[in-house]
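Welcome! Below you will find a short briefing to read alongside the model.

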Amino acid sequence: MITVDNVTVGYGTAGFIKAVDQVSLTINDNEILGIAGESGSGKSTLMRAVYGDFSTGLRIQSGTVTGRFEDARTGKVIEAQSSQFAPLWWDQLSYIPQGSMSVLNPLMKIEAQVVDGLPAREKQGSSRALRQRIADFLAGFGLEETVLDAYPHQLSGGMRQRVLVAIAAFVNPRLILADEPTTALDVVVQKKILLMMVEIQRRQRNSLVLVSHDLGVHYQITDRLVIMYQGRIVEQGPTAEVFANPQHDYTKNLIASLPRLHGKRAVEVVGASA
Amino acid sequence: MNLLRYIAGRLVVYILVVIFALTVLFFVPRLGPTDPVEAMLAKVASQGAYMDAAQVDALRQSLADTFGLDGSLWDQYGAFIKRIVLTADFGPSLSMYPTPVMELIRNALPWTFGLLLTSTLIAWVLGNFVGLLSGWKPNSTSSRVMEGIAICLYPIPYYILALLLSILFSYIWKIFPLTTTIRGAPWSWELITSVVWNSFLPAMSIVIVVFGWWVISVKAQTTALKEEEFVRYARLKGLGDARILSRYVLPNAILPQITFLALQIGLMFNGSLITEILFDYPGLGLLIYTAVLQGDFNLLMGTISLSVIAVATATMIIDLIYPLLDPRIRHR
Ligand SMILES: Nc1ncnc2c1ncn2[C@@H]1O[C@H](COP(=O)(O)OP(=O)(O)OP(=O)(O)O)[C@@H](O)[C@H]1O
Ligand SMILES: [Mg+2]
């Protein structure tokens, strides 16, 4: 799906502030890849580089991000560098940006914001049928149909975040990049949404990259896990293996710092009940 | 429900503003050292008419009547407000006796109204358009040129610009008329072209000065909006420039401009006073000017009261339209 080969990414046109340092990883078809790491370790930067969003002054100094999009629906295969991804946005790949508060247009109803940008294949049929499909889709996220006629300011922060997840997933793309999609949610809703995202991924059989600093989240739903530390990848592997046998000191600290319940790590308790 | 409360609140403010303005209008001339009745009497006397004491007294009485100067201050105040609010009667004009002040105003008002409405609209639409484009693509040649023009025009004092226009286009090149003369029967094509013809320069002069202000203000809005997360998100959705501009940037940039429009109406109205004098344009401004020059007390009271009410009403209407356009206020 995506091959990130030894990329160094940073910001600035005059100077260059390095944020991601010689990172290599692959995002496979039909998998959920988790990225964890402390604040400022370059998670969002890596996501932007993969998505091909250079609007923030982001620059790939060296290395390549190559994508190969195979659309089983049309049989079409597209190969491109991430700098050439823009025509594929909201078609082959979609994005859930970090921080949900001002991501939605304050003057547009939610329904219009779901529809705006949808690829033609998802818009087929009458607008009433489309509305019904969106309403059903939102119901899976615990959102009522009235949300479609609401303006963003009428929704809570958590509802907005769910709307953003739903918008990105409704596109039905080959790759979804989710940057901290559940941070504003309480634990119960967070779990519901995560399970919903897993279910959608299993159904669409696409790839999901999930950024979160919450290891519990990764333990619950990711297939593989990447740990970032100060702009570098310090550890990656199948999630269960990383948890069972952490190699890097930073990862060990992270896992050790998870709260314990009855002598077991909380993640094991949560994981067992999931 | 909240919208109703907003409307009610705005109406109360409107009424208070109008009453306050009328009160000031009532007291200021009465605090001044000149007694309008004695001034009028002196004027009549200076024209050489001989009057005996009884005649002078009779005239004094009738003048006091028309000026509403009978009774205590409170009686006068009550009568004054009642006359304006209930009957809109300002008595006869003294300089164009016996034409009623209201008739003069009724003839002048459409001119001022038409001039201000069209020139404000043109300036607003043009200014928003240019400001939006130059904020969106600040480095393109066309937006630099347009913005350069706007910034050069913006600081020119209005009366200099107006004089320049009228010297250039009515005196040197005799394209437009120097003073207003309207021809044609009511609602004929000839009348319409004649009105447009005569209004062109005054309208242009207003458009030119106001345009720059809008460009600068909308450009600032657009520049800020470009960095807003929802605009960046729209771009990450793969939406094209035209769609992002029309659906995401434009509505959010325009909305605050509507409030500015409400604030500007008053200034524009003051400006139109100068426009009308400079271009000899038969609107309310020229009427006020005439009233001052001729010492026509009734006409002055009438024109100024009406200006206050007109500006307050226009501002209120825009303020009432605003929440209909902004869902954050509409659905609160
Ligand atoms: N637009 C930008 N311009 C300049 N520097 C930036 C920009 N965005 C991020 N950085 C810098 O890049 C580094 C990595 O930031 P990034 O946002 O990728 O971290 P993160 O891992 O996503 O953190 P968090 O968990 O807080 O979201 C930081 O040092 C940050 O200061
Ligand atoms: Mg981040």
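How many residues surround ligand 1, and which are the closest? There are 14 of them, and the closest are A:Ser39, A:Gly40, A:Lys43, A:Ser44 and A:Thr45. Please keep in mind that this is a predicted model.

**Around ligand 1**

- Helix 1 of chain A, residues 43-51, gives the largest share of the shell around ligand 1, with 4 residues.
- Sorted by class, the shell around ligand 1 holds 8 polar, 4 charged and 2 nonpolar residues.
- Look for A:Thr45, where an N or O atom of the side chain is 2.5 Å from an oxygen atom of ligand 1.
- The side chain of A:Tyr11 has an N or O atom 3.5 Å from a nitrogen atom of ligand 1.
- Ligand 1 exposes 640 Å² when taken alone, and the protein buries 65% of that.

**Where chain A meets chain B**

- On the chain A side 26 residues are in contact with chain B, and on the chain B side 20 residues are in contact with chain A.
- A handy thing to know is that the size of an interface is often given as the accessible area lost when the parts come together.
- For chain A and chain B, about 2,100 Å² is buried between them, and 57% of it is on carbon and sulfur atoms.
- In chain A, the residues that lose the most area to chain B are A:Leu107, A:Asp116 and A:His153, which together make up 27% of what that side buries.
- A:Asp116 also takes part in a salt bridge, in which its side chain meets that of B:Arg243 at 2.6 Å, N to O.
- Across this interface of chain A and chain B, 2 salt bridges are found.
- Polar contacts between chain A and chain B come to 11 residue pairs.
- Helix 2 (110-115) and helix 5 (157-170) of chain A are the elements that give two or more residues to the side touching chain B.
- The side of chain A that touches chain B has 14 nonpolar, 10 polar and 2 charged residues.

**Salt bridges in the whole structure**

- Counted over all chains, the structure holds 18 salt bridges.
- One pair to find is A:Asp21 and A:Arg232, whose closest N and O atoms are 3.2 Å apart in a salt bridge.
- Why is this pair interesting to trace along the chain? A:Asp21 lies in strand 2 (residues 17-27) and A:Arg232 in strand 10 (residues 232-238) of chain A, so the pair ties together parts 211 residues apart in sequence.

**A look at chain B**

- What is the secondary structure of chain B made of? Chain B has 13 helices and 0 strands.
- Along the principal axes, the C-alpha atoms of chain B fill a box of roughly 90 × 60 × 40 Å.

Note on methods. Residues numbered from 1 in each chain as written. Chains lettered and ligands numbered in written order. Predicted model: local features only at pLDDT ≥ 70, side-chain atom pairs only at ≥ 80, totals over all residues. Heavy atoms only, no water. Contact = heavy atoms within 4.5 Å. Buried area = accessible area lost by both parts, 1.4 Å probe. Salt bridge = Lys/Arg side-chain N within 4 Å of Asp/Glu carboxyl O. Polar contact = N/O pair within 3.5 Å; in protein donor to acceptor, adjacent residues only side chain to side chain. Nonpolar A, V, L, I, M, F, W, Y, C, P; charged D, E, K, R; others polar. Near = heavy atom within 4 Å. Areas by Shrake-Rupley, 256 points an atom, 1.4 Å probe, with all protein chains shown as cover.
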